[in-house]
Amino acid sequence: GSGSRPIEVLGPFSFSIGDTSGYGAYTSGGYMHQVKQKQSVSFLPLPQALAAPDFLVSDFAKFERPMQLHLGFQALDAYRSAHGQLPPPSDADAAAEVLTRARELPGAVESLGAAGSPEAEASERLLRNLASGARGELAPMCAIFGGIAAQEVMKAASGKFMPLKQWLYFDAEECLPDDGKEALPPAETAPRGSRYDSQAAALGWSTQEKLGSLRYLLVGAGAIGCEMLKNWAMMGIGCGEGGHVTVTDPDTIEKSNLNRQFLFRPWDVTKAKSACAAAAIGAMNPAAKVEARLDRVGAETEGIFDDAFWGRLSGVCNALDNVQARLYVDQRCIYYQKSLLESGTLGPKGNVQVVVPKLTESYGSSRDPPEKSIPVCTLKNFPNQIEHTIQWSRDCFEGLFRQGAEDVNAYLSQPDFLSNLERQPGVRKTTLEALAANLVDKPISLEQC
């Protein structure tokens, strides 16, 4: 009851609250609550920020890139102001003009290197690729920056999280053919009146055709699976001649899935995830060739996912929620020498691991720490460990004897309970039904109980 005060952290399990001479004699017990302090963040106006940028590094293997891209984007803006449009793909003259404009900016010599130096050669290649791909549009890059922008909007609206400060640049030059070492010929990037014109402007039509002919297996159609399928449909993966995507997931859609698994809608609840995801992708890109299956990928389904099936695949993508299934798919990929894209999320955190046969380590080469929590879908639909049944019973007990009682107490003690409940449409109906069961239809005798 003494209010907030600064503390000194002494170790991972202890801290000091400072001078306690003003308190009475200590007897026992006591509670501490963390109080987050408000912090004001200021940002430079755009002209000053352009001249003295503060970078948030997104790739620690490319420390020099942020300043080079900072100059490159200013040069692109100057080019568009002068010509009314961005540089065309594979236009050597336009790329040279962008480079010239970048070298005229303050700090160019230090960041781009002196003419003829190895540093200058690398920076010139980067700016050439930046200019050539300026009209390009890649669905995964749009997803990255769209997600970042949405997070910043939420931060500004809530005031609860620290915003990015101040410039964030992200590039994936290594995704270009031959790592972008040579410029693509104009015929490779010329528009063809296709929905993939903007992607071919960056990657070239040869790469686009290879993407269309890929045959991929996606294991899982949850949050990551929905994002992957959406990106693949927008990129045309498996949409060309010989291409095919198989998505398999034995799980069904629950109401709690709708806040993050964006291919599903309220009327899809109780339906199979894989089938609904495949149908949504078909609406996004009618050329998508997606086969939906309800089979688990495991030892018990090796008769379905047999040698012939694995032999036809170009690669595998995991969108799973448990380590055991990841390890099994990893072992299959090692056996059949297939590339594996492994990823996972936990709240706002995420990780990606690309496994290439005979080039990188496999997923199973390094073990993840034990899972601290059990995914809800595994708990409700596919419990396979004794811990799952224990957690299921705990959740059931809390739902029957704790949550309902807490809602009743809150309803009786908080005058604004119903108005607050109106702002939570996802739980409003079930909460009101529970209140009615506990307050209106409650048993009043031992026999009724």
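**Backbone geometry in the loops**

Which loop holds Ser90? In this predicted model, Ser90 belongs to the loop that runs between helix H2 (65-83) and helix H3 (92-103). The backbone of Ser90 has a phi near 55°, a positive value in a residue other than glycine. Ser90 counts as buried because its relative accessibility is 16%, and the cut-off for that class is under 20%.

Gln337 also has a positive phi, of about 55°, although Gln337 is not a glycine. This residue is placed in the loop between helix H13 (323-336) and strand E9 (339-346). With a relative accessibility of 40%, Gln337 is classed as partly exposed. A further backbone feature concerns the peptide bond between Lys165 and Gln166, which is cis, with omega at about -5°. Gln166 is part of the loop between helix H6 (139-158) and strand E4 (167-168).

**The six-stranded sheet**

In what order do the six strands of the open sheet run? The order is E7-E6-E5-E8-E9-E10, and the pairing is mixed. Strand E7 (290-293) and strand E10 (349-355) form the edges, each pairing on one side only. From one strand to the next, the twist averages 15°.

Two of the pairings can be described in detail. Strand E5 (residues 215-219) pairs with E6 in the parallel sense over five bridges, and Leu218 stands opposite Val247 in E6. Strand E6 (residues 244-248) is mostly covered, with four of its five residues buried. Strand E8 (residues 315-318) likewise pairs with E9 in the parallel sense, over three bridges. In this pairing, Gly315 stands opposite Ser339 in E9.

**Cysteines**

How many disulfides does a search of the whole structure find? The search finds zero. Cys142 is in no disulfide, and the nearest cysteine sulfur, that of Cys175, is 14 Å away. Cys317 is likewise in no disulfide; for this residue the nearest cysteine sulfur is that of Cys333, at 10 Å.

Is Cys142 buried or exposed, or does Cys142 count as partly exposed? At a relative accessibility of 42%, Cys142 counts as partly exposed. Cys317, by contrast, is buried, with a relative accessible area of 0%.

How many cavities of 30 Å³ or more are counted? The count comes to two. In general terms, rolling a probe the size of a water molecule over the atoms shows where empty space is left. The largest cavity holds about 70 Å³ of space. Its lining consists of Val57, Ser58, Asp59, Lys62, Arg65, Pro66, Leu69, Tyr169, Phe170 and Asp171. By class, this lining of the largest cavity has five nonpolar, one polar and four charged residues.

The second largest cavity holds about 50 Å³. Residues lining the second largest cavity include Leu229, Trp232, Ala233, Ile237, Cys239, Val245, Ile281 and Lys289. Which helix gives the most to this lining? Helix H10 (residues 223-235) does, with three residues. The lining of the second largest cavity has nine nonpolar, one polar and one charged residues.

Gly225 counts as buried because its relative accessibility is 0%. Gly225 and Gln261 are 36 residues apart in sequence, while their C-alpha atoms are 8.3 Å apart in space.

Definitions and conventions: Residues numbered from 1 in each chain as written. Predicted model: local features only at pLDDT ≥ 70, side-chain atom pairs only at ≥ 80, totals over all residues. Heavy atoms only, no water. Helix = DSSP H or I, 4+ residues; strand = E, 2+ residues; numbered from the N terminus. Buried < 20%, exposed > 50% of the residue type's maximum accessible area, 1.4 Å probe, protein only. Disulfide = S-S within 2.5 Å. 1 Å grid on protein atoms, 1.4 Å probe; cavity = no way out; pocket = protein on both sides within 12 Å on 5 of 7 lines; lining within 4 Å. Points joined across faces, edges and corners; volume = space filled by probe spheres on them. Nonpolar A, V, L, I, M, F, W, Y, C, P; charged D, E, K, R; others polar. Pairing = 2+ DSSP bridges. Axes fitted to C-alpha atoms, helices over the stretch in contact; angles between N-to-C directions.
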